Amino acid sequence: MLKTLAKGVKGFEKSSVFALIATVMEVLMEVLMPFIMAQIIDAVTAGALNSVIIYGVIILLLAFVSLASGVLSGTFAANASAGVARNLRRTMFENIQTFSFANIDKYSTAGLVTRLTTDVTNAQNAYQMILRMCTRAPVMLICSAIATVLISPSLSSLFIVAMIIMGVALFFIVSKSHEAFAQVFKRYDDLNASVQENVSGIRVVKAYVREAYETDKFNRAADELYKMFVKAEKIVCLNMPVMQFVMYLCIILISWRGAHLVVAGDLTTGELTSLFSYVTQILMSLMMLSMVFVMLTMSRASGERIAEVMNEQSTLTNPENADGEIADGSVSFKNVSFAYSEGGDNVLQKINIDIKSGETIGIIGGTGSAKSSLVQLIPRLYDATDGEVYVGGKNVKEYDLDALRNSVAMVLQKNVLFSGTIKENLRWGNKEASDEELVAACKQAQADEFISSFPEGYDTYIEQGGTNVSGGQKQRLCIARALLKKPKILILDDSTSAVDTKTDALIRRAFKEEIPNTTKIIIAQRISSVEEADKILVLDDGKVMAFGTHDELVKTSDIYREVYESQKKGGDDDAEN
């Protein structure tokens with residue numbers, strides 16, 4: 001974990017080193033001050049006023065250097081810690097972009113958001129504490145301890161007992177609190193998931209008047225987080241009382257023993273005064289170290305979660321000497337089976353299909369028949385568990401991933417638009433596309449007419465998630481975006497379900513006339529959307545039940561015929577009404 005997180009320091013090594021140097025300088029000045037103060041007290045006692053003035057000037061100089069060093073240390077530490085946080089977020093986000101769907105399935109969306117925000121903030125605070133307090137406390141502890149030994153070896157022995165007591169208490173607190181805080185951050189994921197789900201589905205919540213239910217669910221998650229935080233903090237809060245008790249006990253013992261030494265003439269008044277200052281510095285350093293260990297214990301849980309994402313390797317990788325050229329849009333499934341998780345049940349079983357380049361293939365099947373799972377194997381969003389998938393005559397695992405996915409345009413079942421103008425959304429398909437190409441693609445997708453009706457046309461701003469356009473409009477914009485890729489294979493995963501049958505027919509006619517050489521795979525619930533396809537695949541429970549033309553399937557496939565007749569009957573009934 002530490003090795004992984006240390007990569008975040010890259011580019012901020014100088015700031016980190018300068019912060020350490022400035023902190024050490026600040027501490028050295030503070031350690032020297034009690035020694036000079038002892039000289040002043042002894043000089044006053046002896047009536048040497050000239051010496052008092054000289055030592056006073058030295059004290060002022062030490063204070064100024066300490067102040068300047070503290071300011072520099074804080075500045076450099078803040079710059080370095082903020083830079084580390086930036087690097088960690090950047091590295092995590094870049095790695096997430098390489099994840100396959102299988103990797104993404106491993107983490108919840110809310111969990112990834114928490115790691116990129118709360119966990120990285122904890123790591124940032126911990127790094128700043130390492131640069132400042134983790135340096136300051138040990139240096140001050142060592143220097144002050146050396147000073148006390150030089151002043152009075154017998155009194156300095158009291159610190160050994162104090163350090164043993166503090167060490168035992170600190171070990172107990174750290175060991176118990178880490179596990180508690182690890183559970184707390186998991187609860188953060190649950191809380192963020194509740195918020196994200198509620199906000200993204202707010203229209204459904206209000207439509208079903210479920211505000212009270214959602215509020216109650218959020219409150220339960222918040223209460224659970226509260227209870228776990230209290231449990232963790234109960235352990236941590238033991239730190240301060242124990243450390244203060246030991247500190248005051250040491251001061252009392254040193255006062256008692258030091259007074260005897262002054263009376264006996266083995267210690268001067270100035271030395272006893274400076275000894276109190278050093279004792280306070282030592283004990284404060286020990287308290288500071290205990291607080292640092294507690295904070296680092298909290299941050300350790302965050303660090304482990306950050307490192308987990310940074311070290312996650314995509315299940316899909318480019319082969320050596322990857323092929324960047326896809327010959328055509330032919331697709332073949334050779335004895336393909338697929339399961340979403342290792343050891344899980346196969347959702348696809350022994351699929352064998354051959355699709356010629358330029359063909360239009362329809363896919364029909366009930367809910368859960370693995371239609372989407374099948375087409376996601378073509379651009380390698382997942383890899384087949386068994387068997388092989390071929391595109392352009394080669395195994396998809398031989399291609400460069402970017403080249404393969406640029407040749408396969410997919411309009412997913414859940415249409416996603418991003419905040420920005422219509423033009424900006426369309427250019428996801430081709431960032432270099434001209435305005436004329438945008439209009440041409442939108443005309444094929446039957447989107448140009450409604451876009452032109454907007455006051456700002458193609459410069460109309462799309463709200464996050466496309467909330468200011470209808471479901472049918474969103475589908476047509478996504479189809480146009482896919483067409484701009486000029487793909488060899490176009491996959492529509494139930495992507496015309498929200499448009500009327502007339503518009504659906506116009507889109508299919510445009511495909512036939514404008515992109516005849518592109519292989520088109522259309523998943524649909526309506527028979528009318530696929531009956532003109534070159535071939536239709538019937539899936540049921542992850543198995544190929546039939547594969548042929550519409551006329552063939554009406555005669556030979558019971559499943560297809562049943563769906564066709566039920567939809568035809570429904571259409572006839574609607575016509576009569």
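Visitor: Is Asn321 buried or exposed?
Guide: This is a predicted model. Asn321 lies in the loop between helix H11 (269-311) and strand S1 (331-338). The cut-off for exposed is over 50% relative accessible area. Asn321 has a relative accessible area of 77%, so Asn321 is exposed.

Visitor: What is the phi of Asn321?
Guide: Most residues other than glycine have a negative phi. Asn321 is not a glycine, yet its phi is positive. The value is about 55°.

Visitor: Where does Gln446 lie, and what is its phi?
Guide: Gln446 lies in the loop between H15 and helix H16 (448-453). Its relative accessible area is 23%, and it counts as partly exposed. Its phi is positive, in a residue other than glycine. The value is near 60°.

Visitor: Which residue follows H2, and what is its phi?
Guide: H2 has 34 residues. From first C-alpha to last it reaches 50 Å, close to the 50 Å expected at 1.5 Å a residue. Next comes Gly47, with a positive phi near 80°.

Visitor: At what angle do H2 and H5 pack?
Guide: Two packed helices are described by the angle between their axes and the distance between the axes. Here the helices are H2 (residues 13-46) and H5 (residues 109-151). Their crossing is right-handed. Their axes are 9 Å apart, and the angle is about 35°.

Visitor: How many nonpolar residues are in the contact of H2 with H5?
Guide: From H2, the residues in contact include Leu20, Val24, Val27 and Val31. From H5, they include Tyr127, Leu131, Val139 and Met140. By class, the contact has four polar residues, four charged residues and, as the nonpolar count, eleven.

Visitor: Which residues of H18 are buried, and why are they on the same side?
Guide: Helix H18 (residues 501-514) has 14 residues. Its buried residues are Thr503, Asp504, Ile507, Arg508, Ala510 and Phe511. They share a side of H18 because they cover an arc of only 155° around the axis.

Visitor: What do the buried residues of H18 pack against?
Guide: Phe511 and Ile507 are among the buried residues. The buried residues of H18 meet two helices and two strands. These are H15 (435-444), H17 (471-483), S9 (489-493) and S10 (519-523).

Visitor: Is Pro487 buried or exposed, and which residues does it touch?
Guide: Pro487 is found in the loop between H17 and S9. Buried means under 20% relative accessible area. Pro487 has 7%, so Pro487 is buried. Leaving out residues up to four places away in sequence, Pro487 touches Ser407, Val408, Ala409, Ala482 and Thr518.

Visitor: What separates the C-alpha atoms of Pro487 and Gly429?
Guide: Pro487 and Gly429 are 58 residues apart along the chain. The separation of their C-alpha atoms is 9.8 Å.

Visitor: What separates the C-alpha atoms of Ala78 and Met243?
Guide: Ala78 lies in helix H3 (residues 49-98). At 33% relative accessibility, Ala78 counts as partly exposed. Along the chain, Ala78 and Met243 are 165 residues apart. Their C-alpha atoms are separated by 28 Å.

Terms used: Residues numbered from 1 in each chain as written. Predicted model: local features only at pLDDT ≥ 70, side-chain atom pairs only at ≥ 80, totals over all residues. Heavy atoms only, no water. Axes fitted to C-alpha atoms, helices over the stretch in contact; angles between N-to-C directions. Helix = DSSP H or I, 4+ residues; strand = E, 2+ residues; numbered from the N terminus. Left-handed = near helix turned anticlockwise from the far one by under 90°. Contact = heavy atoms within 4.5 Å. Nonpolar A, V, L, I, M, F, W, Y, C, P; charged D, E, K, R; others polar. Expected span 1.5 Å × (residues − 1). Buried < 20%, exposed > 50% of the residue type's maximum accessible area, 1.4 Å probe, protein only. Arc of directions from axis to C-beta.
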